[in-house]
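Let's take a look around this one together. Have the sequence and the 3D view open, and we'll go stop by stop.

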Amino acid sequence: MSSTEQGTSSAAPAEPTTAPESAAAPEVPESFYYVHGKDKVVHKVSAGALQHSALIHGMISNLGYTEEQAKANPFPFENIDGDILQMVVDWCNQHKGKPTPPEDTNLPKQKEKLFDLVLAVNYLEIKELLTYCCKQVAMMVKGKSPEEIREIWMIPTDAEDEAAEKEAKKRAGKEAAGETAAAAGDAK
Amino acid sequence: MPALVMENIIKSLDFRSVLTLRQVCRDFLNFIDRLNDSKLPDSGFSKIGIRLNKDICLKIEDQDCRQHHFIYSESDNSRSYNGKTTTLENLNVMDVAVRDLELILKFQKSTLNCSNFDLNDFQHSKESPFSVELNNMFRKINRKIKTKDLVIISDSQFGFMSILPFSDPETLEFIDLHPTDHEMQIEMDEIVKTEQWRKAKKIHCIFYALNMTVEDICHLSGFGGTMPSISFRDLDFLRKTFITNSNFEYSEFAVRDFEKIEGISDTWGPAFHSEYWSYWYFRIKDSNEKILGLKSQENIYLFQNIELNDVPNGAAVQDYNKN
C-alpha cells in the first residue's frame, strides 16, 4: 500500500508536520485522517480539509478516532478511482479554512473525468465542489439539442433503453431457467 | 445521475435548456416534471395568453418583447411553432395545448405583466369545455399565478371562476372580465366574494353584472361595468366612500334599466349642465386640490377624481360632508 501527503507519495502514511511553537499561545496540533480509493493509495488529509465533506466529517465525529487509530484504519472509498480521489483531496486541501470562490476553473475538462468527479463529490457530500462541477456539466449542455446531450452524457435513447431492458430480462429468464434445470439435475 | 446532481445541474441551466433536457429521455422528463417548482429556473415571461377559436393559440411574450406563438390545429391535429409543424398523432390538441401551458406556468416565477384567457368555447372534439380543462390544470399545479393584469373572456360565472381564484391576489392589480357578447347577463355572487376581487385595485366587467352591489365595487380605485339598476342611495353611498378614499381614481358604470333618479338635486344641490351631461362636484377629505366629480347622462354615471382647476367656471363645489 502506498500513500500520499498532500500530493507527495511516500511508502507509508507520513507523520503530521508539527507547527512551530508560539510563545504567545500554544496552538492545538491539527489532527489528520487517512482515506484511500479503488487504487488503495492512502491520502493523509487534515481534519480541517475534510470538513468540506459532510460524509467524512460525520464519520469522524461519530468515530472519535485517535491519530494512531486513524492511521491504522484509513477510510476506504472503493467506489472512487484513485486519481479522482486525489483531485478531491487536493481541492479540500486548497480550500481548507477558506471561503470558497464563486467559480472554480480548475475542474477537469475531459467529460468522463468530470462525470466521475461529480459522482465522487456527490457521494462524499462536498456541497461547494458539487455546485462547481454541476455548473461545468450544465455549461456542456447549454444550447445543445436533445441528440447532442444524449451523445455528451452517453445516454441511450428510450428505444435503445427498452431494447436493453428486454434483453436483460430475457437473459435473466434464461439464467433462471438454467439454474432451475441444474437444480433439478442435482436433485436427481 | 443521482437526484441531487440533476437538481444542481438544472439549477445552473436556463428555462430553454431544461426544456431541451426534458426531451433527452423519459427518465429526465419524469424527473423534471416531478421536481418541485422552486428548483426550476424562471422562464421570465412577461405576458401569457391562450385563445380558443377554430385553432388554439398560445401566445407568450418574453422580457425582450419577443412574441412566441404556438398554434394547435384540430383539423390537422398538429402543433406549429416558429414555422415548424409537428403532427400530434393520437393526442388531442386541447390536451397538448393545456399541457404546454402547464409547463410554461410551472417555470414562471416572476410576476407576469398580463395573462389573457379567452374561453370562448369553440366546439372541439373534446367533450369537456376548455374552461374545465384549464380549471383542472390549475388545480393540478396547485400554485397561484403571479400576474398584475388578468383578462378573462367567458360567457359564464363558471368560466371566470375557472381562472380567477388561481391568480395570486397579492400581485393582481387589474381584473378585466369580458363577455363573449356585450348583452350578456352574468351572475357575480361567487366572483365578488373571491380574495382576488376584494384585493384588486381596478376591475372592468363589461356585461350586465347580476347580484353585484355598490358595496362590491366601492373599495376599487378604478371600476368600469354595467349594472342592472342603481338607486340614489347607491350613488350617495359611492360618493361618501370616494370622498374619503385617497386612492380613488374613477368608477364608471352604465345602468340597464334606466329610470330617472329622483332626489339628487334635493340632496346634492343643482347640477351644472354642459351639453348633454349633468355634473356635481364634491370636496375630498383632507385635500384642497382634489375634487370628486360625478358626470351623468341618462344611464351612464362616471365618478372621477379630478383637480380643482378642472372644475368649470360657474359649477358649485359641495363642501366635504361625509353624511
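What follows is a short tour of a few helices, one arginine and the cysteines.

## Before we start

Keep in mind that this is a predicted model.

Start in chain B with helix H1, residues 3–11, and helix H3, residues 26–34. Their axes come within 12 Å and cross at roughly 75°, so H1(B) and H3(B) are roughly perpendicular to each other.

Who touches whom here? On the H1(B) side you'll find Ala3(B), Met6(B), Glu7(B) and Ile10(B), and they meet Phe28(B), Phe31(B) and Ile32(B) of H3(B). Sorted by class, that contact has 6 nonpolar residues, 1 charged residue and no polar ones. As a bit of background, an α-helix has 3.6 residues a turn, so residues three or four places apart point the same way.

## An arginine tucked away

Next, find Arg22(B), which sits in helix H2, residues 15–22 of chain B. Is Arg22(B) buried or exposed? With 13% relative accessibility, Arg22(B) counts as buried.

The side chain of Arg22(B) has a polar contact with the side chain of Asp33(B), at 2.8 Å. If you skip the neighbours within four places in sequence, Arg22(B) is in contact with Leu29(B), Ile32(B), Asp33(B), Arg99(B) and Leu103(B). You've met Ile32(B) already: it is also one of the H3(B) residues that meet H1(B).

## A helix wrapped up by its surroundings

Now move along chain B to helix H8, residues 232–242. Of its 11 residues, 8 are buried, so H8(B) is largely enclosed by the rest of the structure. The buried ones are Phe232(B), Asp234(B), Leu235(B), Asp236(B), Leu238(B), Arg239(B), Thr241(B) and Phe242(B).

Cys133(A) has 0% relative accessibility, so it counts as buried.

Over in chain B, Cys25(B) is in no disulfide either, and its nearest cysteine sulfur, that of Cys134(A), is 16 Å away. Cys25(B) counts as buried too, at 9% relative accessibility.

Technical notes: Residues are numbered from 1 along each chain as its sequence is written. Chains are lettered from A and ligands numbered from 1 in the order in which they are written. This is a predicted model: local features need pLDDT of at least 70, side-chain atom pairs count only at pLDDT 80 or more; totals for chains, interfaces and linings use all residues. Side-chain values use heavy atoms; hydrogens and water are left out. Axes are lines fitted to C-alpha atoms, for helices over the stretch in contact, and angles run from 0 to 180 degrees between N-to-C directions. Helices (H or I, at least four residues) and strands (E, at least two) are DSSP runs, numbered from the N terminus. Angles under 35 degrees count as roughly parallel, over 145 as roughly antiparallel, 65 to 115 as roughly perpendicular and the rest as oblique. Contact means heavy atoms within 4.5 Å. Ala, Val, Leu, Ile, Met, Phe, Trp, Tyr, Cys and Pro count as nonpolar, Asp, Glu, Lys and Arg as charged, and the others, Gly among them, as polar. Buried means under 20% relative accessible area, exposed over 50%, partly exposed in between (1.4 Å probe, protein chains only). A disulfide is a pair of cysteine sulfur atoms within 2.5 Å. A polar contact is a pair of N or O atoms within 3.5 Å; within protein, one must be able to donate a hydrogen and the other to accept it, and residues adjacent in sequence count only if both atoms are side-chain atoms.
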